[in-house]
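Could you walk me through this model?

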Amino acid sequence: MAAEFNLNVVAIILLATCIITPARAQAQVFDITKFGAKPNADVTGALASAWKEACASATPGKIVVPKGKFILGMIKFEGPCKAPIELNVLGTLQAPSDLAAFKGADGWVVFGRIDHFTMSGDGVFDGQGHVAWEKNDCHKNTKCSGLPYNIRFNFLTNSTIKGVTTKDSKNFHVNVLGCNNFTFQNFKVSAPAESLNTDGIHIGRSTGVNITDSIIETGDDCISIGDGSRNVYIERVSCGPGHGISIGSLGRYKNEDDVSGITVKNCTLTNTDNGVRIKTWPALEPGIASDMHFEDIIMNNVSNPVLIDQEYCPWNQCKLGIPSKVKISNVSFKNIRGTTTTREAVKLICSKGFPCQNVEVGNIDLDYSGPDGPAVAVCKNLKPTVTKPFPTGCTA
């Protein structure tokens with residue numbers, strides 16, 4: 001009898017809870033076709049109008065780009081918005097191919113100052129970058145004319161990007177600047193190896209950026225981590241073609257912020273020009289980079305799989321004779337295996353002026369099948385802790 005009474009009491013409590021707890025509010029849907037958008041036509045105005053209404057709504061809003069191909073000019077999605085907001089991209093948004101349409105702007109699609117933003121769907125941001133790559137000389141020309149990034153995220157907080165693809169950007173695919181608690185999930189970058197200066201995701205002056213379960217194929221760094229980046233976590237990312245996963249380059253500009261708390265693990269790199277690396281400029285500006293860890297990485301036919309390069313000086317834009325002023329400390333490379341296309345599979349080239357401190361190298365298993373012998377490690381200006389000797393060792 002007592003058991004029956006207790007069960008009845010529980011049932012009454014649960015029923016009461018269901019009655020007094022309000023249902024979670026459904027997001028209001030803003031389909032861009034309701035704002036005049038049509039396939040194969042310019043939808044810039046329609047998308048801007050949908051954003052304006054959704055951002056002003058006191059309840060969560062969901063903007064939908066349906067399946068199909070749409071032409072999109074330069075656009076800025078500005079906050080703050082009154083409630084959480086989502087952009088659900090199911091179709092393809094295609095950028096103008098004519099560079100004149102951008103009037104020197106540095107971004108095609110720009111999101112700014114938004115809290116609780118979500119981008120979702122299996123749609124594509126097609127930058128039509130083929131016309132720009134042959135004109136992109138910014139890697140060697142400090143006075144180059146600017147080319148637009150596909151997507152810029154400026155000062156967003158508590159936001160998630162999942163499922164979408166950025167394709168053939170004219171410059172970097174994605175730039176994350178001044179963001180906090182920002183996540184990429186199942187994100188894809190698609191561009192050929194010959195696409196110049198097309199970093200997949202570049203992070204700068206941001207905290208708490210997570211990149212997981214993503215595929216990045218491009219012509220430059222798959223992921224590049226710039227100054228002021230803190231607590232960046234990268235896991236289960238497939239990179240290649242590209243130039244690898246890089247911290248830096250650092251030390252080129254005045255007043256760069258410190259980099260710290262970077263973790264890269266369980267990633268696979270295939271046919272890339274570099275593997276995992278830290279790169280700083282010699283001679284120029286001071287900086288600090290610390291607590292950077294690379295673990296459980298698979299290298300498939302990769303050049304320079306493990307690299308610290310404090311003599312990074314592309315196109316002779318610096319003075320190699322003067323040591324880098326960036327201080328590197330607390331670095332680990334562990335459980336890295338696969339194949340290398342360069343005999344010097346591990347290169348830890350640190351600054352003579354500021355030698356690397358507390359560098360740990362362990363369980364490195366990289367096969368090299370070239371005619372000049374097995375893979376070797378080369379070190380300068382550091383005293384590493386080697387937990388499992390690499391072939392030929394690594395003498396400081």
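Start at Ile201, whose bridge partner in β18 is Ile223. That bridge belongs to the pairing of strand β16 (residues 201-204) with β18, which run in the parallel sense and share three bridges. Keep in mind while you look around that this is a predicted model.

Now zoom out from those two strands. They sit in an open sheet of eleven strands, ordered β4-β7-β10-β13-β16-β18-β20-β22-β24-β26-β28, and the pairing is parallel. At the edges you'll find β4 and β28 (376-380); each has a single partner strand, so one side of each has no neighbour in the sheet. On average, neighbouring strands here are turned by 15 degrees against each other, if you ignore direction. As for what holds such an arrangement together, strands of a sheet pair through backbone hydrogen bonds, either parallel or antiparallel.

Next, the rings. Searching the whole structure turns up 14 aromatic pairs. Take Phe77 and Phe111: their ring centres are 4.8 Å apart and their planes sit at 15 degrees, so this pair counts as stacked. It links distant parts of the chain, with Phe77 in strand β4 and Phe111 in strand β7 (residues 107-112), 34 residues apart. Both Phe77 and Phe111 are buried. Compare that geometry with Phe153 and Phe184, an aromatic pair that is edge-to-face, at 6.3 Å centre to centre and 70 degrees between the planes. Phe153 comes from strand β10 (residues 149-154) and Phe184 from strand β14 (residues 180-185), so this pair ties together parts that are 31 residues apart in sequence. Phe153 counts as buried, since its relative accessibility is 1%, and Phe184 is buried too, with a relative accessible area of 0%.

Which residues do the ring pairs link into a cluster? Follow the rings and you get Trp51, Phe77, Phe111, Phe117, Phe153, Phe182, Phe184 and Phe187.

The charged end of Arg113 sits over the ring of Phe155, 4.5 Å from its centre. Likewise, Arg152 has its charged end over the ring of Tyr149, here 4.0 Å from the ring centre.

That leaves the cysteines. A disulfide is a covalent bond between the sulfur atoms of two cysteines. With sulfurs within 2.5 Å as the cut-off, the count comes to three disulfides.

One of them joins Cys55 to Cys81, at 2.1 Å from S to S. The link of Cys55 and Cys81 is left-handed, with -105 degrees about the S-S bond. Cys55 lies in helix α2 (residues 44-56), while Cys81 is in the loop between β4 (75-78) and β5 (85-89); the two are 26 residues apart, and the pair links distant parts of the chain. Are these two buried or exposed? Cys55 is buried at a relative accessible area of 9%, and Cys81, at 18% relative accessibility, also counts as buried.

Another disulfide joins Cys222 to Cys239, again with 2.1 Å from S to S. Cys222 is in the loop between β17 (207-217) and β18 (223-225), and Cys239 is in strand β19 (residues 230-239), so the pair ties together parts that are 17 residues apart in sequence. Its torsion about the S-S bond is about 80 degrees, so the disulfide of Cys222 and Cys239 is right-handed. Both Cys222 and Cys239 are buried.

Then there's the disulfide of Cys350 and Cys356, whose sulfur atoms are 2.0 Å apart. Here the torsion about the S-S bond is about -100 degrees, so this disulfide is left-handed. Both Cys350 and Cys356 are buried.

Cys267 is itself buried, with a relative accessible area of 1%. Cys179 is worth a glance as well: it counts as buried because its relative accessibility is 2%.

Definitions and conventions:
Residues numbered from 1 in each chain as written. Predicted model: local features only at pLDDT ≥ 70, side-chain atom pairs only at ≥ 80, totals over all residues. Heavy atoms only, no water. Helix = DSSP H or I, 4+ residues; strand = E, 2+ residues; numbered from the N terminus. Buried < 20%, exposed > 50% of the residue type's maximum accessible area, 1.4 Å probe, protein only. Phe/Tyr/Trp six-rings, centres within 6.5 Å; stacked < 30°, edge-to-face > 60°. Lys NZ or Arg CZ within 6 Å of the ring centre and 35° of its normal. Pairing = 2+ DSSP bridges. Axes fitted to C-alpha atoms, helices over the stretch in contact; angles between N-to-C directions.
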